[in-house]
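Let's take a look at aromatic rings and how they sit against each other. A pair of aromatic rings is described by the distance of the centres and the angle of the planes.

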Amino acid sequence: MAARGKRAFEAVKAALPWALVALVIVLWAYDRVAAPFPYGREAGAGLWGYALEMIAFLPAMFVLVGLFDVWVPRRIVERHVGRDSGPLAIVWMVLLGTLQAGPLYGAFPVAVALWRKGTAPRNVFIYLGAFCALKIPMLTFEVAFLGWQFSLVRTAVTLPVFIFLGYLLERLLPVDVAIPDPEATLPGGTPGHESPSTAK
Amino acid sequence: MEVLLAITALAVLASLIADRRRTLAGVRRGLRMFVNLLPTLAAVLAAVSLLMAAVSPPTLEGWLGSGGTIPFVAALLVGSIALIPGFIAFPLAGVLKDNGATTAVLAAFITTLLMVGILTLPIEIRFFGRRIALWRNLLAVSGAVVVALVMAAILS
């Protein structure tokens, strides 16, 4: 009985993402076909924009991460940015983070790859911080709309804050803290159509 | 974007020349991670578009276009929850500034927008687990408060 309830729950959980996507499409289609419906139009345009942004660069990002995983030896990563690395590691992480572009969820696969190769948690968080807050392509936008003074001060203030937060977060976590396996499939939710695309 | 695609293509090519088997293993590993993330990603992006369609820029201007405690807290909340690409967020922040938003409010909005992702938490949890994801976002919010207050002190 409990097992059945759990299975039903897992099924709902697996279907939910696609139900949400379908809902957006239905709202959008209602605007196109039936009657003017600004909310549906906006939601559809939003999803379309996000999907394009994602399709444009996320697969490439993941392929790079996969190559990094098979080519870069763990000991090199550990020596430069591992637990015992010095302050120079911060420079590497900030450089790596600021030179990239794209939304935050594009940084997660890179961060996880770094983590699994033996990068110290503080350095992973510093990378994420730099990626979020100090991307160079984004700064040009900021200067254009908020002025160079605002951007400069924000950068100067934010940098030490997230470096400190990286160290703090590493302290808050147990030394042997583990992260989920990114290649493991979702518990209970592995639709059959997923395998052909990976097995080529 | 084109730069990333070019770099990826070059990397795959170089890797193929060096070792074909290893390249295939790496590419397959990367694509498997991507496919595993897709359902979570789809749910988050759909939820974000449903939410963002309800909150229009004029609404945000009403909430954040001034100074004081309430706009400051609103800026922290909106920035933490929303997922707005930079090319929309900065023009919006520019409009907020013209409407009379203070440095503290602008900094709180921009910093939480960039560093905190409540709507993208499901994605972050898939990658890092619940504990790390929650802690990182919690600390990022407090960091944003610090950044905003320090910036307000410097720029005014």
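What follows is a short tour of the ring pairs in this predicted model.

First, the ground rules. Residues are numbered from 1 along each chain as its sequence is written, with chains lettered from A in the order in which they are written. Because the model is predicted, local features need pLDDT of at least 70 and side-chain atom pairs count only at pLDDT 80 or more, while totals for chains, interfaces and linings use all residues; side-chain values use heavy atoms, with hydrogens and water left out.

Rings of Phe, Tyr and Trp (its six-membered ring) pair if their centres lie within 6.5 Å; planes under 30 degrees apart count as stacked, over 60 as edge-to-face and the rest as tilted. That gives 10 aromatic pairs over all chains.

| Pair | Centre distance | Plane angle | Class |
|---|---|---|---|
| A:Trp115 and A:Phe125 | 6.2 Å | 70° | edge-to-face |
| A:Trp115 and B:Phe128 | 6.2 Å | 65° | edge-to-face |

The pair with A:Phe125 links distant parts of the chain: A:Trp115 is in helix H5 (residues 107-116) and A:Phe125 in helix H6 (residues 121-134), both of chain A, 10 residues apart. B:Phe128 lies in helix H7 (residues 121-128) of chain B, so its pair with A:Trp115 joins two chains. Helices here are DSSP runs (H or I, at least four residues), numbered from the N terminus.

Buried or exposed: which is A:Trp115? At 10% relative accessibility, A:Trp115 counts as buried, a term that means under 20% relative accessible area (1.4 Å probe, protein chains only). A:Phe125 is buried too, and so is B:Phe128, at 2%.

Ring pairs also link A:Trp115, A:Phe125 and B:Phe128 into a cluster with A:Phe62, A:Phe108, B:Phe34 and B:Phe127.

Definitions and conventions
Buried < 20%, exposed > 50% of the residue type's maximum accessible area, 1.4 Å probe, protein only.
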